[in-house]
Amino acid sequence: MSNRIVIITPFYNPGEFLEQCVASLVTQRYDNYHIVFVDDASTDGAQDKLPKENPNVTIVRNDVRKTALENIHDAIMNHCKPDDI
């Protein structure tokens with residue numbers, strides 16, 4: 001079996017761009033993937049646009065804003081396996 005590809009997508013108040021991003025990511029042809037959406041304390045209702053019922057998706061919502069690097073590091077450390085790409 002091929003390695004799982006993990007797509008880490010941190011965002012803050014993405015507006016209209018989030019829906020297009022989500023649609024693009026969840027319609028991939030490669031079957032062994034996982035998406036980690038990191039909502040960095042958005043205030044624009046972005047969390048309502050995320051695919052909550054998709055088994056290939058993990059949603060992380062911060063109560064307070066962090067830096068982009070901290071969000072990416074946390075996602076790698078907490079939601080990726082050693083053999084993930």
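Predicted model: local features only at pLDDT ≥ 70, side-chain atom pairs only at ≥ 80, totals over all residues.
**View 1. D84 and its polar partners.** Welcome to the segment after helix 2 (68-79), where D84 is found.

**View 2. The surroundings of D84.** Once neighbours within four places in sequence are set aside, the residues in contact with D84 are R4, V6 and H79. Is D84 buried or exposed? Its relative accessibility is 16%, so D84 counts as buried, the cut-off being under 20%.

**View 3. S42 in its loop.** Next, have a look at the loop between strand 2 (33-39) and strand 3 (57-61), which holds S42. The side chains of S42 and D39 are joined by a polar contact of 2.7 Å. Beyond the neighbours within four places in sequence, S42 is in contact with F11, Y12, N13, P14, Q47 and R61. S42 counts as buried because its relative accessibility is 3%.

**View 4. R65 and the ring of Y12.** Y12, one of the residues in contact with S42, returns here with another partner. The charged end of R65 sits over the Y12 ring, 3.6 Å from the ring centre. And how many aromatic pairs does a search of the whole structure find? The search finds 0.

Conventions:
Residues numbered from 1 in each chain as written. Heavy atoms only, no water. Helix = DSSP H or I, 4+ residues; strand = E, 2+ residues; numbered from the N terminus. Buried < 20%, exposed > 50% of the residue type's maximum accessible area, 1.4 Å probe, protein only. Contact = heavy atoms within 4.5 Å. Polar contact = N/O pair within 3.5 Å; in protein donor to acceptor, adjacent residues only side chain to side chain. Phe/Tyr/Trp six-rings, centres within 6.5 Å; stacked < 30°, edge-to-face > 60°. Lys NZ or Arg CZ within 6 Å of the ring centre and 35° of its normal.
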